[in-house]
Structures are given as structure tokens and as C-alpha cells.
Amino acid sequence: MLNRLRVLVSTESPLLGTAAVASVVAAIILHIAVTRDSSIPVLWTDEVGYFGNAQLLAGFGEPRSFQGRSYYIGWSLLLVPFWWITQDPETFYHLAVALSVVFGIAAIWPLALLVRHVGICWSWAVLVGAIVSLAPSRVLFSSFALAEHLVMFLMAFTAVAAVRYSERRDVRSAVLLGLAASAVFVSHGRTVGLLGATGLWFLWELLRKPRRPALAGLAVLGAVSLGGFLLYRWTISFMYIASADREASAIERIFGSDPAAVLTSATGQIWYQVATWAGVAVVGVTLVVILAGREFRRRQPGVGTWAVVALLGSLVVSATWVSRTIAAGRDRLDIYSYGRYLEAFGAILAAVGIAFLIRGLSRRAAVWTFVSSAVITAVFLLFVAPQAPLGGALFWGPTSVPGLLQWPWPGVTTAQGPPWIIAGVVGLALLAVALLLARRAPLLAVGLIGAFFAISSVVADERTITPYFTPFYQSLTLRSAVSDLPAEATVSYDLYREPDAPGDPISSNAYQYWTIPRELPRFNSSEVDPETDFVIARKEWVRAEELGAVKVADDTGGFDNALWVLPGPFQQDLADAG
């Protein structure tokens, strides 16, 4: 039976080839389909942070002045040519989303390369990569112009490079691994755990001969990561205040976080990966730990040890970063099952897990996978879920929990709380069925997982993404009035709000973006008078009468903005035009 299964997973067949092609086509369709409403940015700290980096590096227009935290430059570097192609922020956004989709689909390739090392044929490998790319946590990021797909692509490629280096230990493999790992870090600082694991591996290899490969890899790793980091720091110095220092805040959280909050955060993030990937990521983790254990016993750290150190390091960074919100008791539901920072790790481990399902797990391994998934789910539901502030504002962000958006969440459905119970139960049920089918009908088991992921992505987009972000797409229409202003007109943004009014970094960042390449200085009208022809201020601007300002247009949607013209030739021109 097992010999026949080994032949099956290593042999091509027309049915298997058809399934692989169909799954790739399905992934392409889904990733493109979810972009249908992606007309403007809606994540006004994340997306525009990358865009502002790219604009500055392109040498186009004046540097922006953003509120919030800064973002790394790997993704921004790829966006730079778009500012050379177009000077229109809306067209730029469409190009950025398109490139994000390309990387979302292209991740199938390195995932397939990775699972080929498990011993499955090309058709199986492509099928596995495509199935992972069908999951909601992968598909839904194609709705935005974030770095997530690039990070996923690069991290999967880094895993392939790590396997290659462990097999060959030559200079070319070391350089490839150093370049890939540093590229991941330059794209997002949360992957510092992977960077550290790679550096430690090279340092250990210096104790062995030949040392030249490790030296070459370490040199490339250090040069690219340090160069990218310094370029990032130089770039953000033009756009963010010092308090937006992400690195200083991360270090302070690692050493100063509440241990109970960190444990709560880590448990929620681990459970998220279990539920999102229907337990198959647990198979991947188990196999990596077993491999690392063998390497430890031989005292020869390799790709298994590297993967464990990278995963644990990234979990520490992610759990401590998120724990601050938990310790503060803020009304955020998503923070208790936060998934975004470990998404790429989960996807890679899920791919490895699915590949081993295809190869055939022993009964012992299958039982371990299910029991450990059930225990993690029980611990989360019994000890973490009850801590969620269900009596609060029920705030949550879709990009924090993309793998759970097929289930009903409050605000976009009639649900009164997060869908953790149904997500956990259905995930365990799907895992149980897949484990039972995998020994005799691996294609059916994998097909079931793929169908669930694809359907979940469609449901998540319709049930959650569309209703959640539609109000954002219908807002900030004042951008049209601003873009129609004469090129010689000057515009500024008033930060002042009434003492009892909530802050609005979204509007501030949004109009910094929509006025590119025009300069948009920010000021506080309670402290100084504006020095521009036009001002973006509040709809009921307290300084309007005193300054003789006339309202040109109101913003739409949920944001309190209006365009005002101050006394001068432009006000007279508008009065003459009626």
C-alpha cells in the first residue's frame, strides 16, 4: 500500500496535471476578482507609507508628512518606476495593486519548488502551491497594495534557498540565501527573526570547513540588510516624526511587555494559524521540529534548526508587539487572534503539511496532528477568547485576521462577537476528514482543502471585505476638488479639531497622498494662521469667519473635511464664476 502511494505521488498523470492547471487558473481568477473594488487606498497608514517612500525615492514631488508608523522600503523600491510612469495618484494605486496581485499569484512557484523537496512530482507540487494561494489569508491581500504578497513570495523563496544551502554548502547557495533573507527583512522589519536565524546559521558554519561559503553568505546578508535598513531610515526621516520610530518601540515592547499579555497574544496567534490552515500547518511545524531535533542530536544545525529559530524569533516579535494592546485593555477583538504578522510562515508550513498529507502520514502522525490542533483550539477558546472585550466597541480590522473573514464578524453581519468557535470547529472537522481521506485518496483530500479555501475566499470577500471597506471607497471625494485646483494654487491641511472631537490621521494621510506632487504643509489653526490660498479644514471651521474663508466643497463619507478658499485672487475668481 505505502509503496503504491510513493509511486503515486512521484508519478505524473493527466488527471493530476489537469487538477494542477485548474487550481492555478482558479487562483489567478480569485486574486484578480477581489481587486474589482480596489479603486483607491483604504489603509491610510500602511499603503500610503509605502507609496510615500516610493515617491521620495523616485525624486518626484515634495516629501509627504505622514501620521502613524513608518514602513520598510523593499516593496516601495519596486513601486518607484510607477511614479516615473504616471503622476496621477489614482493610476499609481491601480498599478501598485496589479503588482501586488502578480506576486500573490507568483508565490505558487517558490512554494512548488519547496514542496518538491518532500518527494512529490511537479504536478503535485504546483497543486499544493496553488491551493495555498487559494486561501483567504492569501487571496484577500490582493485587494490592497501592501507588501504582504512580496513578503510571502520572498519568504518562500528564502525557504527554498535554505534547503539548497543545506544540501550543497557552496558559495553560490550561501550568497543566494543571504540575498533572499536580507530582501525579506528589507521588505518588512517583522521578519527580523528570519534574518537573525540566517545570520546565526552562517556564523555556526564558520566553525566548519570550508568557511568560504558561510563568509560569502554572511557578507551578502549584512551588506544588503544594513544597506536597506539605512536607506529606510534615511527615507522616513523626511516623512515621520521621531515618535514614529518602529524599531525603538519594538525593542521597548520586547523587554517591557507584560508576560501574561505576551502569552495571551502568542496563544491567539498560534491558534489563528491552526484555524486558518485547517490544522495542516501543524503537520508542517511537526516535521520541521522533528528535523531540527535530528540535527541537534548530530550537532549539525541545518535547515530544520534554521526554520525553528526563524519561527520562534518571529513569534516573539509578533506576540510582544501585539501584547501592548492587550495589556492596555483596548476594545479590539482582532488582537486576540492576530494573524497578519505570521501569515507567510503559516502558508509555508501549510504547504509542507499538505505535501506530507499527499505522501501519506502514519497513523501516529495523523493522530498527533489532530490532537495537538484540538488542544490548541481548546486552550484558545477556554482561556484566551473569554478575555476579549465583547462589551466594548467591538472594533477589529480585516487585515489583522484575513484567514477568518469567511465567518460572520460584528459590524458587517448581525454577529454579536467574533466567529472563533465556528472557525475552530470547522477547521478541526476539515482536518479530520482530510486525514482520513489522505491515506487512500490524497487527490480527493487535497481537493477538499482547496475547494474549502476557494469558497472561503469568495465568501470572505462578499461577506466581509466589501461591506467593511465600501464606506471608505465612498469617502474622501474632496480629492476631486483639490485636484482641479490651478497648479499655481497653494494648499495646506489644518490639523486642529475641537477638544472633544476624535483625531483623524486617515484624512491627514489621505490628502497628503491625493495632493502628490503638490506640497501640502500641515499646521494647527489654533496656533498659527494659514499661509496658503486654500485650506483643507473641518466642515464647520472655527476660523473661517475670522479669516474671511469661503467654503468650496464638503467631503463625503465619514470624514469631517472641507476645502476652503482664503481671501485673494482665487477667492475672487471663484466668486466671479458663481
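User: Is Pro398 buried or exposed in this model, and what is its relative accessible area?
Analyst: In this predicted model, Pro398 sits in the loop between helix H18 (363-384) and helix H19 (420-438). A residue counts as buried when its relative accessible area is under 20%. Pro398 is therefore classed as buried, with a relative accessible area of 3%.

User: Which residues does Pro398 touch, not counting residues up to four places away in sequence?
Analyst: Pro398 and Arg363 are 35 residues apart in sequence and 37 Å apart in space, C-alpha to C-alpha. With residues up to four places away in sequence left out, the residues that Pro398 touches are Leu405, Ile465, Tyr468 and Phe469.

User: Which strands stand at the edges of the open sheet?
Analyst: The open sheet has five strands with mixed pairing, in the order E2-E1-E3-E5-E4. Two of these strands have a single partner strand each, so one side of each is left without a neighbour in the sheet. The strands at the edges are E2 (522-523) and E4 (550-554).

User: What is the bridge partner of Val550 in E5?
Analyst: Strand E4 is joined to strand E5 (residues 562-565) by four bridges, and the two run antiparallel. Within E5, the bridge partner of Val550 is Val565.

User: Which strands does helix H24 touch where it packs on the sheet?
Analyst: Helix H22 (residues 505-514) packs on the sheet and touches strand E1 (491-494), E2 and strand E3 (534-537), its direction making about 170 degrees with that of E1. Helix H24 (residues 569-576) also packs on the sheet, and its direction makes about 105 degrees with that of E5. The strands that H24 touches are E3, E4 and E5.

User: Which residues does Leu79 touch, not counting residues up to four places away in sequence?
Analyst: Leu79 is one of the residues that touch the most other members of the largest nonpolar core. Leaving out residues up to four places away in sequence, Leu79 touches Tyr50, Phe51, Ala54, Phe92, Ala96 and Leu99.

Notes
Residues are numbered from 1 along each chain as its sequence is written. This is a predicted model: local features need pLDDT of at least 70, side-chain atom pairs count only at pLDDT 80 or more; totals for chains, interfaces and linings use all residues. Side-chain values use heavy atoms; hydrogens and water are left out. Two strands pair if DSSP finds at least two bridges between them. Contact means heavy atoms within 4.5 Å. Axes are lines fitted to C-alpha atoms, for helices over the stretch in contact, and angles run from 0 to 180 degrees between N-to-C directions. A nonpolar core is a set of buried Ala, Val, Leu, Ile, Met, Phe, Trp, Tyr and Cys residues joined through side-chain atoms within 4.5 Å. Buried means under 20% relative accessible area, exposed over 50%, partly exposed in between (1.4 Å probe, protein chains only).
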